Every structure is written in structure tokens, then in C-alpha cells.
Amino acid sequence: MARLKSAGQGALSRLGIRFNVLLASGLALAAVLMVNWLVSRPGTSRSFDLTEKEQNQLSTATRGVLDRLPGRVTIDVFFRLPDEQVLRPVAGAAMDRCRRL
């Protein structure tokens, strides 16, 4: 004979599943928030220049579009030095690369 579960056991089982889902959701949210916090810390970000000459360059397609423009192109770039002293050398290098571009 098949043994039937009582109504109380089914409710406890559903409650346990709900708890597990809420716990997993909470842990996933906490992990996302922690990773977001970690990568936003100063000094943790790294950038890599994977271009051939290790200089920021325009692609061939972009150069082709610029060559087809009817007149001279002027690009204005506005920089603001960061308040943090540790970022000033990086900002200076970025400004220098933009000037040479």
C-alpha cells in the first residue's frame, strides 16, 4: 500500500524550498554587490593596450571614414585631473596619448 504524507509534511517541505530559494538569492545578491564593491576600489582596475604598437590607434575603417570627410576635422577633448594623487600619473599619460593621437 502507498503511504500518504500528512498535510503538515507537505507544508514544511514547501517552506524549506522557499527558504533555500531565498537564501540562494540573497547569497547571489551579496556576491554581486561584493564583486561590484571590490572592482570599484581605487587601484584595483587594470587596463591593457593590445594594439600592435602599444599605442591607442584608430582602426583602418575609422581612418577610411575620416579620409572621406570633405574638410578638416577638429576634435576637442576636455580633461579634468582627478582629486586622488595616485590617479594623476595615469590621467597625465591618458592626456599625452590623446594629444599624440
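Helices (H or I, at least four residues) and strands (E, at least two) are DSSP runs, numbered from the N terminus. By that rule, the protein chain here has three helices and zero strands. Keep in mind that this is a predicted model, where local features need pLDDT of at least 70, side-chain atom pairs count only at pLDDT 80 or more, and totals for chains, interfaces and linings use all residues. Residues are numbered from 1 along each chain as its sequence is written, and side-chain values use heavy atoms, with hydrogens and water left out.

**Layout and confidence**
- Starting at the N terminus, the elements go α-α-α.
- The mean pLDDT (the predictor's confidence in each residue, from 0 to 100) is 80 for the protein chain, and 85% of the residues score at least 70.
- Among the elements, helix α1 (residues 7-39) has the highest mean pLDDT, 90, while helix α3 (residues 88-100) has the lowest, 79.

**Surface**
- The protein chain has about 9,800 Å² of accessible surface (Shrake-Rupley method, 1.4 Å probe; for residues, only the protein chains shown count as cover), and 61% of that surface belongs to carbon and sulfur atoms.

- L66 sits in helix α2 (residues 60-67), and L66 counts as partly exposed because its relative accessible area is 35%.
- G92 belongs to helix α3 and is partly exposed too, at 32% relative accessibility.
- The C-alpha atoms of G92 and L81 are 8.0 Å apart, with the two residues eleven residues apart along the chain.

How values were computed:
Buried < 20%, exposed > 50% of the residue type's maximum accessible area, 1.4 Å probe, protein only.
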